[in-house]
Structures are given as C-alpha cells and as structure tokens.
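Please read it alongside the coordinates.

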Amino acid sequence: MGPLTQTQLHWLSSQPHTHKVVTAGNHDLILDEVSEMGFFARQGISAAKRKQLDWIGIHYLQDEPMILELLVPAAGEQQVRRVKIYGSPMTPEFGLWVFQYHPIRDAWTRKIPDDTDILVVHGPPALYGDCDGEKGPDGKIKVKGDGYILREIQRVSPKGVVCGHIYGAFSVIVIQHDGIKDVMNAVQMQWKGYDIVGALQQTLWSKLTMGRNVERSEETLVINAAFAPSELRSEDKSAIGIDFH
C-alpha cells in the first residue's frame, strides 16, 4: 500500500458509516514523527505537512484507546452502548519503513488496556490472520504475526481484532479462549515454560480455573482485512462486515 494522502481521507470520510476508526501502517511516512529525520526528510516528509491533513471526523489512533458511545435499540427504546477501542500502527521491522520495532523486541506486554473491546492494529497476531502460505527454508509455513500481540490478546480477550499488513492472509478466524487453546498456542510458539511438562501443568490449571472469569470473552474474532493484491494468493476481496453482540 502507498502512503496516506488527503484523497484517501476524503474517500474514507465519504463512506456512510457513523464512525470510522483507523490506525496507520508501515507505509504511512507522513504520520510517524520519527520519519522527519534521516532518509525520510529528503522525501519531503515534515511536521507541517502532517498538520495539514484534515481527518474530517475520522478517529485516528496511534498507541491509544478511545471509547465510542453507540445508540442501540433495546425494548422499544434506544440505549447507549460504550465500546472501547485500542489502536496501534506498530509492526516488527521489515524494510526501511515507519512505526516499526526490532522483531525480537517485546513491544506489547501490558500495553493493551484490560477492558478493550476491539483492537485495531496494522500487523496481525502470530498464528491468526498472518498465514499467507509462504514457506521457510525448513519447508514449514512461516509465522509472520507477532507472538507478543497474540499473548496480549490471550490476556485481554477482546471481542475483535482488526488488522492487515499480510496481504495474502485476508481472512476471518477465531481465537478460542478455553484455556487449552491458549496453551496449544504457547507450545506452538515455543514460549518459555511451555515444554511438555509445562504444557500439561498449564492445561490442568486452565481446566481448574475455567469459568471463574465471567467477564472474559470466550473467543476473539480476528479480521485480516488487507485488500491489496498478494504475490502468493490471487482472490477477490470484498468488504468484511461483522456484527458484535
């Protein structure tokens, strides 16, 4: 995808949806203050140009939460539903772009507020919405998402995650929060403490504690809505509509 332009903001603002919530991506040079230095300064990126952008009512989130108050019909009258959204553009480093961090760095632990309903991030979590079929030298499918985001999602258990970045992983997939699946994810990611013995212990503990946290969502829906063409997959990509209850 190319960098953000005012034309794109006008198009997005023209859509009929009441609320538009976005975060940046690694190509959005104009939105990253760090991009004013070094190489990007020679590309005409500046704070002045960033301030000239008109968001036209669009909610832009950069490592921050917001609360939407939505009117919903209930028993013949309208009630207000509060939805907390957290948005972040950060992704593991790949190429000379922006909003990036070193791939082995933990940039996520305890970053997402506990009461987040919807997470809006540029890059997907590991194992969910990040598989485009590309294989590594060992012949195994590459895990392209961030394991630390996955661990935060397991901790916070939001109702939904909206992401993109991996073009060929356009999909809707569910993360089950039954304890056992969390352990299976940890084993697959080879997290510390999740050898065979550790996994058995964690599985037993998850069974003993299941049902105690009644406020925890039973599942998280991960929507990778990346609509750019992929080198590995050719498909038509329509808009994804989701109803959250």
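In what order do the six strands of the open sheet run? The order is S3-S4-S7-S8-S10-S9, with mixed pairing; strands are DSSP E runs of at least two residues, helices are H or I runs of at least four, and both are numbered from the N terminus. The model is predicted: local features need pLDDT of at least 70, side-chain atom pairs count only at pLDDT 80 or more, and totals for chains, interfaces and linings use all residues. Residues are numbered from 1 along each chain as its sequence is written, and side-chain values use heavy atoms, with hydrogens and water left out.

- Strand S3 (64-74) and strand S9 (171-176) are the edge strands, each pairing on one side only (pairing requires at least two DSSP bridges between two strands).
- Strand S4 (residues 77-88) pairs with strand S7 (residues 118-121) in the parallel sense over four bridges, and Tyr 86 stands opposite Leu 119 in S7.

**Helix H3**
- Seven of the 10 residues of helix H3 (residues 147-156) are buried (under 20% relative accessible area, 1.4 Å probe, protein chains only).
- Among them are Ile 149, Leu 150, Glu 152 and Ile 153.
- The buried residues of H3 pack against S7, strand S8 (160-163), S9, helix H4 (180-189) and strand S10 (219-224).
- At the start of H3, a side-chain oxygen of Asp 146 comes to within 2.6 Å of the backbone nitrogen of Tyr 148.

**Whole protein**
- The protein has five helices and 10 strands.
- Of its 245 residues, 40% count as buried.

Technical notes. Buried means under 20% relative accessible area, exposed over 50%, partly exposed in between (1.4 Å probe, protein chains only). Contact means heavy atoms within 4.5 Å. A polar contact is a pair of N or O atoms within 3.5 Å; within protein, one must be able to donate a hydrogen and the other to accept it, and residues adjacent in sequence count only if both atoms are side-chain atoms.
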